[in-house]
Amino acid sequence: MKKPQLLIGLVALVALLAGPPFLKNYGIYLISYWLVFVLANMGPNLTVGYAGQKSLGHTAFFGIGAYTVAIIMKAGFSFWLGLPVAAVGCFVIGLALGFPALRVQTIYLAFATLGFNTAVWLVMRNEEWLTGGTFGINNVARPGWFGLKLDSNLRYYYFVLGVTLLMGLLLWGLVRSPWGKAFTALRDNPIRAESLGVNIQAYTLLSFAIGAVYAGVAGALFASLVQFIEPAPFTVAASIMMYLMVVVGGPGYFFGPLLGSAVGVLLPEWLRFAQAWYLFVFGSAVVVLMLWLPDGLLSIPDRIKARRLSREASAARAAAAKSIRAAA
Amino acid sequence: MSAPLLRVDGLKKSYGAILAVSGVSFEVMPGEIFGVIGPNGSGKTTLFNSVLGQITPDAGSIELNGKNITGLSPLQLNQRGVGRTFQTLQVFGKMTVRDNLIVAAQEHQGSMWSRMFAPGDSGLGARADALIDQFRIRHVADKKAGELSYGQQKLLDIAMAFMSEPDLVLLDEPCAGVNPSLVGGISTLLKDLNKSGGNGAKHRSFIVIEHNMDFVMDLCHRIMVMVEGTVMAIGTPAEIRGNKQVLDAYLGG
């Protein structure tokens with residue numbers, strides 16, 4: 001990582017560590033909510049952004065994670081059992097959802113995963129004996145940690161921050177390893193990748209499974225954060241919103257989910273003054289962004305750099321042309 | 001005489017009623033540059049795709065180092081030391097030139113699980129640098145491949161096929177779309193790569209499809225002429241040039 005990036009990262013980390021005690025209760029809740037989505041969006045950022053698999057089913061995993069923890073806690077077991085069960089469950093189901101991607105790609109894959117999301121949502125809504133149906137599951141407790149209760153919003157915030165940082169570090173290590181290169185190769189050109197020995201089947205399945213774990217763990221944290229879950233946050237519309245957050249932030253940029261989730265979660269709060277106009281403002285902003293920045297907000301530095309390099313190259317060419325003319 | 005590196009025997013492939021390749025047999029020796037020429041539709045690409053596992057032949061067998069490789073997938077062929085380039089540019093546009101080269105060989109380094117969280121260059125930095133210098137793309141090594149000129153991308157595209165030090169490389173029109181001044185450069189590079197071999201001890205073999213006759217005649221040790229899915233002639237460049245049947249059918253006097 002370059003120096004300015006490292007500096008921005010450190011400032012952000014200090015702000016995230018030291019800032020929240022100065023916020024009101026709702027502010028802390030909102031920042032936690034944002035962090036949960038940052039963690040959740042690391043999943044589709046890997047699957048869609050790095051590996052190029054156009055999946056629209058990530059809210060299903062977010063929901064599976066949330067319901068797994070809620071159901072396990074309702075049954076009288078600990079959150080600390082629910083969390084790993086949610087992670088492993090999402091890995092397995094994510095792996096299974098990867099199989100369609102071995103046959104179909106692009107918009108067809110998007111529809112296949114959308115169908116999966118709808119099916120999962122229908123289970124949440126209709127299987128009342130398990131999920132409580134439209135009434136959902138309320139009083140999802142917050143976990144404790146060796147006698148330390150994480151009941152208060154502030155304490156839970158630090159827990160969410162810790163998990164997000166830990167899983168963020170793991171993902172950072174992964175995308176910088178040969179696996180990250182293999183995922184990118186799979187995205188950029190699967191046929192060439194296979195001819196170079198990249199096992200594209202394995203990497204496709206793993207990109208789904210690992211992405212699902214991130215969304216699932218975030219869902220587990222979400223259940224305990226909002227303490228009441230129902231099918232509404234896990235609809236197809238929510239899945240498209242999640243995809244949008246990844247695209248807005250910058251798919252395939254490690255820090256894309258930070259910005260994308262801010263746009264998806266925090267911006268609506270700041271735009272409350274616009275009230276009825278909110279969706280119009282938000283929708284217009286997305287249209288403008290897609291037209292001018294199809295690679296997301298984090299592509300701005302790259303664009304500036306590319307423009308500077310091409311300016312320098314033109315200047316060098318002009319100088320060379322002049323000296324050739326002078327010599328002739 | 002040593003054993004052939006590649007032996008293709010009685011290869012057949014039809015698409016519906018069209019017989020694209022009908023009974024093609026040939027051998028490529030270790031260290032040999034073997035050219036395949038013929039008019040459009042003569043079955044060159046179908047032959048290539050059969051050898052490379054893109055399609056499964058209807059009949060016939062393909063052996064590499066005496067082992068049957070018929071019907072293996074492109075992935076399995078790569079693991080057995082077969083490299084290739086494509087007719088059109090196939091680079092990873094959003095990765096840097098260096099990363100393009102590293103990813104081209106990293107899957108040959110240890111197991112998939114050992115590469116999880118491993119250092120990003122897989123210990124291939126020096127090998128990538130050597131190819132970057134050999135192909136004279138040092139000045140663009142840290143640029144994204146998609147930002148390079150066509151000629152630079154073509155050089156990278158070819159270099160990638162050599163990163164994993166394969167025994168046999170199939171080159172599908174390495175000069176397609178390349179300006180004449182670079183054609184000579186590519187020819188020189190391929191001759192050097194043919195002689196150098198992976199570890200210096202062995203010579204690499206190539207099969208080259210190309211329409212540029214000067215390039216083929218200059219580069220290849222032996223040439224196979226295909227017409228309508230069959231082999232019309234196999235011989236040295238001099239023999240092919242002097243073959244009346246080939247002149248009438250393809251080279252056109």
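Two strands are taken to pair if DSSP finds at least two bridges between them. In this predicted model, that rule can be followed through chain B, where strand β1 (residues 6-15) and β2 pair in the antiparallel sense over eight bridges. Within this pairing, B:Lys12 stands opposite B:Ser22 in β2(B). Both strands belong to an open sheet of four strands in chain B, with antiparallel pairing and the order β2-β1-β4-β5. The edges of the sheet are formed by β2 (18-28) and β5 (67-68) of chain B, each of which pairs on one side only.

B:Val36 is found in strand β3 (residues 33-37) of chain B. A residue is counted as buried if 20 or more other C-beta atoms lie within 10 Å of its own; B:Val36 has 27 such atoms, and is therefore buried. Leaving aside neighbours within four places in sequence, the contacts of B:Val36 are with B:Lys44, B:Leu47, B:Ile207, B:Val208, B:Ile209, B:Met224 and B:Met226. B:Thr56, by comparison, is 20 residues from B:Val36 in sequence, and the two are 20 Å apart in space, C-alpha to C-alpha.

At the level of domains, chain B is divided into domain 1 (1-81 + 170-253) and domain 2 (90-165). The centres of these two domains of chain B, taken over C-alpha atoms, are separated by 25 Å. Where the domains touch, nine residues of domain 1 of chain B are in contact with eight residues of domain 2 of chain B. On the domain 1 side, the touching residues divide into six nonpolar, three polar and no charged.

Turning to chain A, helix α11 (residues 236-249) packs against helix α3 (residues 58-74) at an angle of about 110°, with the two axes 7 Å apart. Because of that angle, α3(A) is roughly perpendicular to α11(A). The residues that meet are A:His58, A:Thr59 and A:Ala60 from α3(A) and A:Ala238, A:Ser239 and A:Met242 from α11(A). By class, this contact of α3(A) with α11(A) has three nonpolar, three polar and no charged residues.

Helix α11(A) also packs with helix α2 (residues 25-50) of chain A: their axes come within 9 Å and cross at roughly 75°. The helices α2(A) and α11(A) are therefore roughly perpendicular to each other. On the α2(A) side, the contact is made by A:Phe37, A:Ala40, A:Asn41, A:Pro44, A:Asn45, A:Val48 and A:Gly49, while α11(A) contributes A:Met242, A:Tyr243, A:Met245 and A:Val246. The contact of α2(A) with α11(A) has eight nonpolar, three polar and no charged residues.

Finally, the two chains meet each other: 21 residues of chain A are in contact with 27 residues of chain B. On chain A, helices α7 (153-176), α8 (178-188) and α9 (190-195) each supply at least two residues of the side that touches chain B. Of the elements of chain A, α8(A) gives the most to this side, with seven residues. The residues of the side of chain A that touches chain B divide into nine nonpolar, seven polar and five charged.

Notes: Residues are numbered from 1 along each chain as its sequence is written. Chains are lettered from A and ligands numbered from 1 in the order in which they are written. This is a predicted model: local features need pLDDT of at least 70, side-chain atom pairs count only at pLDDT 80 or more; totals for chains, interfaces and linings use all residues. Axes are lines fitted to C-alpha atoms, for helices over the stretch in contact, and angles run from 0 to 180 degrees between N-to-C directions. Angles under 35 degrees count as roughly parallel, over 145 as roughly antiparallel, 65 to 115 as roughly perpendicular and the rest as oblique. Two residues are in contact if their C-beta atoms, placed from the backbone, lie within 7 Å. Ala, Val, Leu, Ile, Met, Phe, Trp, Tyr, Cys and Pro count as nonpolar, Asp, Glu, Lys and Arg as charged, and the others, Gly among them, as polar. Domain bounds come from an automatic or database domain assignment. A residue is buried if 20 or more other C-beta atoms lie within 10 Å of its own, exposed if 12 or fewer, and partly exposed in between; C-beta atoms are placed from the backbone.
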